[in-house]
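Please examine the sequence and the three-dimensional model shown here. The report after it is arranged by topic.

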Amino acid sequence: MIKKLKWKFVAIAMALVCAVLLTVFGVVFAVTSAGLSTRAASAMKSALKEDSLSFQVPGGADSPVPTFTVRIDDSNTIFVTSNRYFKLDNDTLIAICEDCLARDTQTGVLESYNLRYLRVEEEEGTAIAFADMTYDRSVLKDLLQTSGCVFGAAAAVLFGVCWLLSSAAVRPAQQAWDKQRAFVADASHELNTPLTVIISNIGLLAQQAQSTDEEARVERVKFEAERMKSLTGDLLSLARLDNPDKKPIYAQVDLSALVYQCVLLFEPVFFDENKEIRSSVEKGLCVLGDEAQLKQLLEILLDNARKYGVAARPVDVCLAAGKKKVELSVRSFGEVIPKEKLPHLFERFYRTDEARTQGGCGLGLAIAKAVAEAHGGSIRAESDARNGTAFIVTLPTV
């Protein structure tokens with residue numbers, strides 16, 4: 001959880017920083033582009049006004065913008081009135097002028113010729129100034145490349161800074177989480193022994209009950225004590241799975257054999273409730289992990305299917321091989337879980353409906369998720385009226 005919190009902190013910080021950088025670079029690019037457009041427009045206006053080989057643009061600097069001007073009289077004869085650095089053959093000149101005259105706007109860009117144009121209607125005909133865009137586009141291209149390099153370098157440096165800062169930012173949360181985990185583990189461990197004694201003595205009290213009412217009261221106390229013992233056991237399991245300092249020693253586990261074993265263990269339980277369980281398991285599928293934890297995951301999913309599946313439809317357990325992974329699915333048919341509640345099923349103590357908990361504590365699926373993630377895998381839930389409810393676990397193969 002703390003690692004996810006650090007990544008979330010870094011992601012938010014980087015998103016804000018990158019947004020600021022992109023905004024700054026965007027403004028610089030827009031201002032530069034507008035300046036080049038204004039500079040070219042000034043050059044074309046001066047060329048039309050002076051028809052000379054040199055002119056001044058606003059700011060007093062000689063303009064290096066290559067331009068040429070033409071005038072077209074009433075008989076559509078084209079006269080080149082000034083030319084700066086252009087070598088134009090007659091056919092190209094005619095094509096450029098025709099393309100310009102076909103446009104509705106007085107100013108614009110001729111992409112095919114890499115030219116800007118400014119068209120002015122006069123008494124003697126039409127005057128047009130053209131300015132080359134090669135320099136403008138070269139400047140903008142260099143600006144984009146420089147901005148990209150600066151953005152990449154800044155993003156890399158800022159990522160490192162954000163990552164270092166994230167460690168300091170989440171340190172209080174890390175300390176609180178460690179204390180909470182230690183408290184849960186210690187409390188669960190300390191409660192386990194007295195609960196065992198209580199349950200043992202309740203059994204003796206049940207034998208000495210003098211009436212049906214006393215027997216019912218004792219059984220109720222025993223039920224709640226066993227439920228509390230189960231809850232403390234689940235909390236202890238989660239505390240152990242959450243502890244990053246105590247990594248279990250994993251070994252190769254024959255998952256196919258383990259699934260068969262768990263299905264056989266649950267068959268009598270399903271039979272007593274007039275329910276059916278079916279399995280389709282590929283042989284020889286192995287994973288690297290802790291056999292006890294994987295067995296606990298399987299038992300949680302099978303028990304969950306037993307509780308909430310209907311007797312009219314069987315529970316299907318399937319284990320199949322994928323590309324460098326195995327996929328285990330436990331599918332049952334019962335009440336459809338709304339789609340918006342599916343992502344919350346693996347949260348601790350989450351209940352989709354308090355009326356259908358059937359004595360559970362809301363920790364089983366959280367433990368299943370913790371086990372799957374501890375083994376480098378994942379778990380997800382699917383539910384609809386046609387295909388029922390399925391819990392699908394994906395684990396990497398050996």
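## Basis of the report

The model is predicted: local features need pLDDT of at least 70, side-chain atom pairs count only at pLDDT 80 or more, and totals for chains, interfaces and linings use all residues. Residues are numbered from 1 along each chain as its sequence is written, and side-chain values use heavy atoms, with hydrogens and water left out.

## The chain as a whole

The chain contains seven helices and twelve strands. Helices (H or I, at least four residues) and strands (E, at least two) are DSSP runs, numbered from the N terminus. Of the 398 residues in the chain, 35% are buried; buried means under 20% relative accessible area, exposed means over 50%, and partly exposed lies in between (1.4 Å probe, protein chains only).

Accessible areas come from the Shrake-Rupley method with a 1.4 Å probe; for residues, only the protein chains shown count as cover. Among contacts in the chain between residues at least 6 apart in sequence, 64% join residues at least 24 apart, where contact means heavy atoms within 4.5 Å.

## A five-stranded sheet

Five strands form an open sheet in the order β7-β9-β10-β12-β11, with mixed pairing. Because β7 (277–281) and β11 (378–384) stand at the edges with a single partner strand each, one side of each is left without a neighbour in the sheet. On average, neighbouring strands of this sheet are turned by 15° against each other, direction ignored. Two strands pair if DSSP finds at least two bridges between them. Strand β9 (residues 315–321) and strand β10 (residues 325–332) run antiparallel and are joined by six bridges. Leu319 stands opposite Leu328 in β10.

Helix α5 (residues 255–272) packs on the sheet and touches β7, β9, β10 and β12 (388–396); the direction of α5 makes about 170° with that of β7. Helix α7 (residues 364–374) also packs on the sheet, touching β11 and β12, and its direction makes about 135° with that of β11. Axes are lines fitted to C-alpha atoms, for helices over the stretch in contact, and angles run from 0 to 180 degrees between N-to-C directions.

## A nonpolar surface patch

Phe9, Val157, Val161 and Leu165 form a nonpolar patch on the surface, with about 340 Å² of accessible area together. Patches are made of residues with over 30% relative accessible area and no salt bridge; like charges are joined within 9 Å, and nonpolar side chains (Val, Leu, Ile, Met, Phe, Trp, Tyr) within 5 Å. Helix α3 (residues 134–207) gives the most to the patch, with three residues. Val157 lies in this helix and counts as exposed, at 55% relative accessibility.

## A network of salt bridges

The structure holds twelve salt bridges, each a side-chain nitrogen of Lys or Arg within 4 Å of a carboxyl oxygen of Asp or Glu. Glu273, Lys275, Asp303, Arg306 and Lys307 are linked in a network of them.

Glu273 is partly exposed, with a relative accessible area of 32%. Its side chain meets that of Lys275 in a salt bridge (3.6 Å, N to O), and Lys275 is buried at 17%. Glu273 also forms a salt bridge with Arg306, the closest N and O atoms being 2.5 Å apart. This pair links distant parts of the chain: Arg306 lies in helix α6 (residues 291–308) and Glu273 in the loop between α5 and β7, 33 residues apart. Arg306 counts as buried, at 15% relative accessibility.

The side chains of Lys307 and Asp303 meet in a further salt bridge (3.4 Å, N to O). Because Lys307 and Asp303 are four residues apart in helix α6, about one helical turn separates them.
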